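This note is written for a colleague who is meeting the structure for the first time.

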Amino acid sequence: MKNKTKECIKECITEITAGKPSVENLTYLLSLPTREDFKPVFDESVRLCKKHFGNRVFVRGIIEFSNYCRKGCLYCGINRANKKTPRYRLTPEEMLDSAAFMKKNGALTVVLQSGEDPGYDKTLIEIVRRIKKELNMAITLSVGEREPSVYREFLKAGADRYLMRIETTDPALFKKLHPDDDLQYRKKCLYNLGKLGFEVGTGIMVGLPEQRLESIANDLLFFKELNPAMVGIGPFLAHEDTVLKDFKNSDIFPTLKVLALIRLILPKSNLPATTAMGTITPDGRQQALKIGANVIMPNFTPSKYRESYKLYDNKICISEEYGKCAACTAGIAMAAGKRIVRSKGYSKNK
Ligand code: SAM
């Protein structure tokens, strides 16, 4: 690597960590072609993660409780147009049992995720109330766009956090991928959630068809402005029953680059090593934990439903024996030189 390039990288890192990320410095770093070139960014991300979290990894167990969806997102295997996927909703008892099992296995935070299925909100509110009362767990909802009055109901019932990826902030790309959605409204939902008092999580997919590096740089600036508690990044992966079936899957390296840059921009944010990272390459989650991620999200969806919550092809843990994901996460953390902690993992990003 030429000295001039090294100097340039150093300068960009200094600007970003001084609170001055820009489309220019972020795009430049995102464009670095090799891991060797990018190493100074990874090093800084590791340093910041260590400073704020030591070698601790938080666990958020996920229950994918409904795959009904009113949306037609082009990339997603459970979008409403996919008639091949049998639709399901977990019963309140199934959800309570899964959450209790998760708690027994050391996860004190439950993430309840679904397609966009507002028809189940009433039941969901009741379930949130019961999980809080009977199990006293931290509760994250990831169920999509709603009006503030509904978010308020979720909060009142006991939900603590809300996870909703913006997916991309590029207006043209967003419109293409979400024909029936509105970028400004989705952003507004995220701001509303913050104002109401949720710990907000957001994120994007990396490697979407036609996604430009400048678009990702703008996504990163959006994260700085929103200042979320958590940012989930995953590679785009094709699903055979969607219109994007012939597009190339993303690679792990671009995804890791984005994760490390978020750690520089929001040093105290919770950054998960996502399931999609583990799908793209077997040690994807270990790689993410090694370069700045501090959260892992084992799957506690009852086994018989997992095949029907396939957002992309070859999703890992689908045929896994129920409960195995819990043991697996400890091994993943250990392989990355870290350890799982029994904690609700509230955000430090105040
Ligand atoms: N409905 C909720 C919402 O809108 O936030 C949450 C559920 S949604 C199925 C969960 C996430 O899966 C999405 O935010 C998206 O980033 C990710 N996802 C869906 N299809 C994907 C694909 N083909 N490749 C990678 N990630 C995908």
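1. Buried aromatic pair. The model is a predicted one. Within it, Y88 and Y305 are both buried. Their rings form a stacked pair, with 4.7 Å from centre to centre and 25° between the planes. Y88 belongs to the loop between strand 1 (56-66) and helix 4 (92-104), whereas Y305 belongs to helix 13 (residues 303-306), so the pair ties together parts that are 217 residues apart in sequence.

2. S308 is found in the loop between helix 13 and helix 14 (324-335). Is S308 buried or exposed? Its relative accessible area is 11%, and S308 is therefore buried, the cut-off being under 20%. Apart from neighbours within four places in sequence, S308 is in contact with N67, I78, T85, P86 and Y88.

3. Overall form. The protein chain contains 14 helices and nine strands. Its C-alpha trace spans about 60 × 40 × 40 Å along the principal axes. For 350 residues, a compact globule would have a radius of gyration near 20 Å; the protein chain has 19 Å, which agrees. Buried residues make up 59% of the 350 residues. Of the contacts with a separation of 6 or more, 74% are between residues 24 or more positions apart.

4. Nonpolar cores. The largest nonpolar core has 97 residues, and those touching the most other members are L29, L112, I131, F154, L220, F223 and L261. Which helix gives the most to this core? Helix 10 (residues 252-265) does, with ten residues. A second, separate core of ten residues includes C49, F53, F58 and M297.

5. Surroundings of F223. F223, one of the residues with the most core neighbours, deserves a separate remark. Leaving aside neighbours within four places in sequence, F223 is in contact with I166, T202, G203, I204, P228, V231, I233, I262 and L266. F223 also pairs with F222 in a tilted arrangement, at 6.3 Å centre to centre and 55° between the planes. Both F222 and F223 are buried.

6. Helix 6. Which residues of helix 6 (residues 148-157) are buried? They are Y151, F154 and A157. Seen down the helix axis, these buried residues fall within an arc of 125°, so they line one face of helix 6. An α-helix has 3.6 residues a turn, so residues three or four places apart point the same way. The cover over the buried residues of helix 6 includes helix 5 (121-135), strand 3 (138-142), strand 4 (161-163) and helix 8 (183-196). Helix 6 is followed by G158, whose phi is positive, near 130°.

7. Further aromatic contacts. The structure holds 13 aromatic pairs. Ring pairs link Y151, F154, Y162 and F198 into a cluster; of these residues, Y151 and F154 are among the buried residues of helix 6.

8. Charges over rings. R161 lies over the face of Y346, at 4.8 Å from the ring centre. K348 lies over the face of F53, at 5.4 Å from the ring centre, and F53 is included in the second core.

Terms used: Residues are numbered from 1 along each chain as its sequence is written. This is a predicted model: local features need pLDDT of at least 70, side-chain atom pairs count only at pLDDT 80 or more; totals for chains, interfaces and linings use all residues. Side-chain values use heavy atoms; hydrogens and water are left out. A nonpolar core is a set of buried Ala, Val, Leu, Ile, Met, Phe, Trp, Tyr and Cys residues joined through side-chain atoms within 4.5 Å. Buried means under 20% relative accessible area, exposed over 50%, partly exposed in between (1.4 Å probe, protein chains only). Helices (H or I, at least four residues) and strands (E, at least two) are DSSP runs, numbered from the N terminus. Contact means heavy atoms within 4.5 Å. Rings of Phe, Tyr and Trp (its six-membered ring) pair if their centres lie within 6.5 Å; planes under 30 degrees apart count as stacked, over 60 as edge-to-face and the rest as tilted. A charge sits over a ring if NZ of Lys or CZ of Arg is within 6 Å of the ring centre and within 35 degrees of the ring normal. The arc is that of the directions from the helix axis to the C-beta atoms. The radius of gyration is taken over C-alpha atoms; the globule rule is 2.2 Å times the number of residues to the power 0.38.
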